[in-house]
Amino acid sequence: MRICVPKETHVGERRVSLLPASADKLIKLGAEITVEAGLGSSIKISDQEYQDVGVQIEPERTKLLSSADICVRLRKPSAEDVQILKPGCVHVSYLDPFNEKDLVKTLADAKVSAVSLEMIPRTTLAQKMDVLSSQANLAGYVAVILAAERLDKIFPMMMTPAGTISPSRVFIIGVGVAGLQAIATAKRLGARVEAFDTRPVVEEQVKSLGAKFVKIDLGEMGQTKDGYAKALTDEQMAKQQEGMAKHCALADIVITTAQLFGRKAPLIIKEDMVKQMKPGSIIVDLAAESGGNVAGTKVDEEVDVNGVRIIGLGNLPGHVAKNASEMYSANVTSFLTHFWDKDQKKFNLNREDEIIQGCLVTHEGEIVNEKLLSVYQSN
Ligand code: NAD
């Protein structure tokens, strides 16, 4: 069974979807692997390093894609690339399927079996395949490092003969995977950290990292059965904004990571809340690419609003592309290995399995994912 890996074409994307160490594991299972020439060049991995573990190098992208039984990549494919794939090819990547209805239809029409890695269920068994977690974890780290570099203050308290410097204050809104890593990173650098999330179960996790959990009574909140946040009502959102304004005003850095699975991110920090913040303070909006948590965020830009810098840079894991690639490659390899039939030496797309049911989006010409179909039908 041939696994093919094309280079990423998205401008500025430096992450690589399959590294030589992962290719080595898959080859030992009996897979044949071909990658596009220069696949690892963005993170200084040579074609020779792939060849050393038995990978074949293909300079012609069309030839590569048309020979794939399994195609692995990081970003969603272009419609043109999909047309080149063979019917029955298993395509494994991020897909953003809730927002990419046309692309999903193209994949179905091409009879490609498309796996959307962001739809893998967040279960203990599937943890090692969870690209959302591995990349969000790095994004949380990068958000703090970017903010620290731009802030004209230090994070820790310092008592010196020249005076005492009080610690910087960091406020984190949304404590999923990215938020927890942001708390841990800011604490390690010595900041005073506060955090808030609408899921009450998070309070203990925040406290265990040595940060303070901000309590705002929003009434009934909870989480979905998959552990995701529920959307707030307009009234709850207004209460949240009111409760949060003074914490934002006191903060040197605010990091927002609030997401609603499959929906636009909630707008939490309104214009007047930004205005109340101190000049020189920094906001990092990690939800910039999915709609933004902050009024005034511009995707892939840094803007100044009354002296407050709002950072809306996308692809934060791409700032640490080497580690991000290692993790993504390990996640994909775990996925392929989990469903690998060792006797037949082939990937077994087991439609009865709940992980496959969660992440398989198209198969044999149809859109087959229940969750996706229900969202498409309701739109
Ligand atoms: P996410 O990226 O979907 O959202 C980030 C955070 O934003 C969440 O904690 C969410 O509660 C919060 N949020 C949403 N609206 C908000 C608002 N108005 N104000 C403040 N915060 C708001 O989350 P994620 O990091 O992908 O994690 C989602 C869930 O999956 C969590 O329950 C997490 O523990 C769980 N998870 C489970 C596993 C596993 O068991 N394998 C792995 C990773 C994550």
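Here is a short walk through this predicted model, from its sheet to its salt bridges and a patch on its surface.

Let's begin with the open sheet, whose 8 strands follow the order 3-2-1-4-5-6-18-19 with mixed pairing. Its edges are strand 3 (56–58) and strand 19 (366–367), each of which pairs on one side only. Within the sheet, strand 5 (residues 90–93) and strand 6 (residues 113–116) run parallel and are joined by 4 bridges. If you look for His91, you will find Ala114 of strand 6 opposite. Helix 5 (residues 101–109) packs on this sheet, where it touches strand 6, strand 18 (360–363) and strand 19. The direction of helix 5 makes about 45 degrees with that of strand 18.

Now turn to the charged side chains. The whole structure holds 20 salt bridges. One of them joins Glu13 and Arg75, at 2.8 Å from N to O. These two partners lie 62 residues apart, Glu13 in the loop between strand 1 (2–5) and helix 1 (20–28), and Arg75 in the loop between strand 4 (70–72) and helix 4 (79–84). Glu13 counts as buried because its relative accessibility is 8%, under the 20% cut-off.

Another salt bridge links Glu36 to Arg61, with the closest N and O atoms 2.7 Å apart. Glu36 sits in strand 2 (residues 32–36) and Arg61 in helix 3 (residues 61–66), and both residues are buried.

Finally, visit the surface. Tyr141, Ile145 and Leu189 make a nonpolar patch of about 230 Å². Ile145 belongs to helix 6 (residues 131–150) and is partly exposed, at 34% relative accessibility.

Methods
Residues numbered from 1 in each chain as written. Predicted model: local features only at pLDDT ≥ 70, side-chain atom pairs only at ≥ 80, totals over all residues. Heavy atoms only, no water. Patch = residues over 30% accessible without salt bridge, like charges linked within 9 Å, V, L, I, M, F, W, Y side chains within 5 Å. Areas by Shrake-Rupley, 256 points an atom, 1.4 Å probe, with all protein chains shown as cover. Salt bridge = Lys/Arg side-chain N within 4 Å of Asp/Glu carboxyl O. Helix = DSSP H or I, 4+ residues; strand = E, 2+ residues; numbered from the N terminus. Buried < 20%, exposed > 50% of the residue type's maximum accessible area, 1.4 Å probe, protein only. Pairing = 2+ DSSP bridges. Contact = heavy atoms within 4.5 Å. Axes fitted to C-alpha atoms, helices over the stretch in contact; angles between N-to-C directions.
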